[in-house]
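Good morning, colleagues. I would ask you to keep the sequence and the structure in view while I speak.

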Amino acid sequence: MSDPSRRLRYRAGARDVRDALLGLIPTALALLVASWLVDGFELRPWWAAIVLAAATGVVDAVARPLLRLLAGRAGAVAALTVGLVVQLLVLWVAVVIVPGASMSGVGAFFGTLFVVAIVLAVTRWLLGVNDSSYLVSDLIRRGARRHRARAGDGEGVVVVQIDGMPYPVLRFGVLSGDLPTLARWVRSGSHDMTSWWARVPSTTPASQAALLHGTNDGICAFRWYDKDLGRLVVTNRPADAALVEERLSDGRGLLADGGVSVSNMFSGDAGTSLMVMSRVSGTQGLGPGRAYLRFFASPFVFARALVLTVGEMIKELYQGRQQRLRGIEPRIRRHGSYVALRGATNAVLRDLNVALVAEHMMAGAPVIYADFVDYDEIAHHAGVARAESLDALRGVDRVLSTLEQVAAAAPRRYRFVVLSDHGQSQGATFLQLTGRTLEAAVRERIGAAPSTSVDETQAVEAWGPVNAMLTQLLSVTRTTSQWTARREQQAGGAGMVLGPRHDVSVTDRPELVVAGSGNLGLVWFPRLPGRVSWRTLEREFPDLVPGLLAEPGVGFVVVDSERGPLAIGAAGVHVLTDGVVEGTDPLLPFGPRAAADLARVAAMTTAPDIFVHSTFDDRTGEVHAFEELVGCHGGLGGWQNHAALVHPADWPLDDDLLDRSVDGEALLYGADVVHRQLVRWLERGGIRKPPSAKAMDAGPMDAGPMDAKPMDAA
């Protein structure tokens, strides 16, 4: 055996010993502390804690194959339910077989689990052990021991989407060292980082549809009123996400040819989709049950996750109070369901995503795309560059470190691409500026009764990933999938209606629908056919546009006309199709790409009768959301259009894809162009077959992808 081989084997063995100790010692310490604090649980002598910790691990190893079999036959719900019971049984069996350990009463069992979970979380934090690494450490050890050759398997790619991360925040984190993994990649020269332009609407559904499927035609905002369907389309609801993907997909998305989509809004035509919004409705089969066994069924792991979730909620309450006490502005109220949502996204959901990605890396999936919403969610409520938002970003950076360790033991050589779907901008909300919602302002100007209007300016984006997780888990058996379908149908709300609704008469429709998409507001008059033109607005609602432009925080509106879409400001008009400006250009504060962005989205068949856009303060970079979010995205201004891309340095950006039309700045303009770049990288790396090769393999009958269907074709 050569010396390098001996050294590699020695290092692998040393890592196994280290990982075993890092698992055994904290657990033994936690059990010892629990014996001091929990009535009915005793350990004598003290070293019985070490024996009990080892016995717990052994019993868990014996029980896990049975749970895996159960997960395969009965679905994830049964596996998770039994898993919680098994956690207690494992601890009870270990106590029975270890001399010096005794426990009396169910309360002592639950108390011990709770105390052990807290102590494990604290000790692992003190030891600097990555929580996610703890979850996948067994995968890493198994992979390292197998020593599988990589040459025959080729390369693979893991694409990590850090939702909502602006490029300036990424750059600061790399320079400051707050993102050590990304900083190491960039400083070592293995990766380059760059900015790309997220076009209007700078939202997750629009950007992710284009990133994964190459087009986002017809997605004019996060949610919109479809006059043909007679209802709202809300993209983070399963039926609507499925409808949107059906209209856009040509079967050759980014994740075609065996890719894996994790926790995304759309599938990218992946062969395997887990917690994907467009695929969870009516899901049958196992779902993520086996991948979650270690998380839900191993001793103390799920309890630790619950403790971390509660800890994140307590931290949120403290940090929100600190913002109030310190008088930080702008800010919003941080309370209610958001507190629980932050705990779920920053603890449970993050760990589940890591577990799924790691499982499929070890299985050798060619391409994996996963979305982590941690930063985006907190930045919406706390602010774009506030301490708690940056802390969430550091958490995702630790995830990259964990996946890097998994890659070292995986059967393929994995390359990492990190990107964001858009950035975020900050500012006081329209409600804070005016004391009323945009819907109330429009309703007052047209004289509509509250009973005939629909206000959709509440924040709905946040719960999407958690809803996908719950729906996937609750739809994996026939009984639970039927229950979930009934629950969706009974949930109410225009966006929850499944399928088209062409039978909605004009008189039954609301007179007014107003929706918010960050600092982009959308107004429809459902009883008026087609796109309502500027002349019709002047005739029917003469006070509306002048009144809106007089509102604090409103910068301009976009309406249709015989000359095409117009951007109308308080002192001037910009004709978007030919660039003619009369008076003061209302788009001047928003940069040279504003007109092209708005002309494109205004031409969509789903566009509203009126786009309402906020002002932009060039001194502070602040905009004003029409939702109650201090950090927002959807329109123009600030950092929301400056998305980020970190890619291997030996995968350069293609010159013909770079846009240099503005001040000579070269960047990828639009998520659809980023998609094209990603596809080219995959094809050059042999990870994905080019269309010509795919057609030759398929034969003449299957050659060529289907054309993407327009949003009004279904």
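In which sense do strand S16 and strand S17 pair, and over how many bridges? Before I answer, please note that this is a predicted model, in which local features need pLDDT of at least 70, side-chain atom pairs count only at pLDDT 80 or more, and totals for chains, interfaces and linings use all residues. Residues are numbered from 1 along each chain as its sequence is written, and side-chain values use heavy atoms, with hydrogens and water left out.

To the answer: S16, residues 566–568, and S17, residues 572–575, pair in the antiparallel sense over three bridges. Strands here are DSSP runs of E with at least two residues, helices are runs of H or I with at least four, and both are numbered from the N terminus. Two strands count as paired if DSSP finds at least two bridges between them. Leu566 has Val575 of S17 as its bridge partner, and three residues lie between the two strands of this hairpin.

S17 also pairs with strand S18, residues 581–583, again antiparallel and over three bridges. There, His574 stands opposite Val581. This hairpin has five residues between its strands, and Gly579 in the turn has a positive phi of about 75°.

Let us now consider the sheet as a whole. Eight strands form an open sheet with mixed pairing, in the order S12-S13-S14-S19-S15-S16-S17-S18. Strand S12 (453–456) and S18 stand at the edges with a single partner strand each, so one side of each lacks a neighbour in the sheet. From one strand to the next, the twist averages 15°.

Two helices deserve mention here. Helix H17, residues 438–446, packs on the sheet and touches S12, S13, S14 and S19, its direction making about 150° with that of S13. Angles run from 0 to 180 degrees between N-to-C directions, with axes fitted to C-alpha atoms, for helices over the stretch in contact; contact means heavy atoms within 4.5 Å. Helix H22, residues 594–602, lies across S15, S17 and S19, at about 45° to S15.

Finally, I turn to helix H8, residues 204–213, of which ten of ten residues are buried. Buried means under 20% relative accessible area, exposed over 50%, and partly exposed in between, with a 1.4 Å probe and protein chains only. Its cover includes strands S3, S4, S9 and S10 and helices H9 and H23. Just after H8, Gly214 takes a positive phi of about 85°.
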